[in-house]
Amino acid sequence: HVQLVESGGALVPTGGSLILSCAASGSISSRNSIGWYRQAPGKQRELVAQSTSDGSTKYVDSVKGRFTISRDNAKKTVYLQMNSLKPEDTAVYYCKYEGDYSDGTVYKYWGQGTQVTVSS
């Protein structure tokens, strides 16, 4: 079992910056990916950025050049640095863990979410 706790959400003005943190605990696989997703009111949840244990990252086009995902494996924490924030970035941000385990099982867990509001 893996627990995820997000933090860092806040109300910021357009053009501002935030750093979100996703702290993981429990039975974390050495083969894993952690993604930041967001869900705005009335919209589907979308993948914003993802980091895998092999070092790869990917971003949705709308945040490329503004957001950076990084991880500190020693702290079991993944960060999302968000710069040049826009009102359309307003959403609840969730982190999701996917781990591949030696028995072939893939486990997926979600955090509880953190609210990011960008004022215009």
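Predicted model: local features only at pLDDT ≥ 70, side-chain atom pairs only at ≥ 80, totals over all residues.
Leaving aside residues up to four places away in sequence, R45 touches Y37, R38, Q39, Y94 and W110; with the side chain of Q39, that of R45 makes a polar contact of 3.3 Å. The charged end of R45 sits over the ring of Y94, 3.8 Å from its centre, and R45 also lies over the face of W110, at 4.6 Å from the ring centre. Between the C-alpha atoms of R45 and A91, which are 46 residues apart along the chain, the separation is 9.3 Å.

The aromatic pairs number five. In the pair of Y37 and W110, the ring centres are 4.9 Å apart and the planes stand at 65 degrees, so the arrangement is edge-to-face. Because Y37 lies in strand β4 and W110 in strand β10 (residues 106–110), this pair ties together parts that are 73 residues apart in sequence. Y37 counts as buried, at 14% relative accessibility, whereas W110, at 37%, counts as partly exposed. The rings of Y94 and W110 are likewise edge-to-face, with centres 6.3 Å apart and planes at 90 degrees, and this pair links strand β9 (residues 91–100), which holds Y94, to strand β10, the two residues being 16 residues apart. Y94 is buried, at 15% relative accessibility. One aromatic cluster is formed by Y97, Y101, Y107 and Y109.

S33, in strand β4, is buried at 11% relative accessibility, and its contacts beyond four places in sequence include Y97, K96, E98 and R71.

Conventions. Residues numbered from 1 in each chain as written. Heavy atoms only, no water. Contact = heavy atoms within 4.5 Å. Polar contact = N/O pair within 3.5 Å; in protein donor to acceptor, adjacent residues only side chain to side chain. Helix = DSSP H or I, 4+ residues; strand = E, 2+ residues; numbered from the N terminus. Buried < 20%, exposed > 50% of the residue type's maximum accessible area, 1.4 Å probe, protein only. Phe/Tyr/Trp six-rings, centres within 6.5 Å; stacked < 30°, edge-to-face > 60°. Lys NZ or Arg CZ within 6 Å of the ring centre and 35° of its normal.
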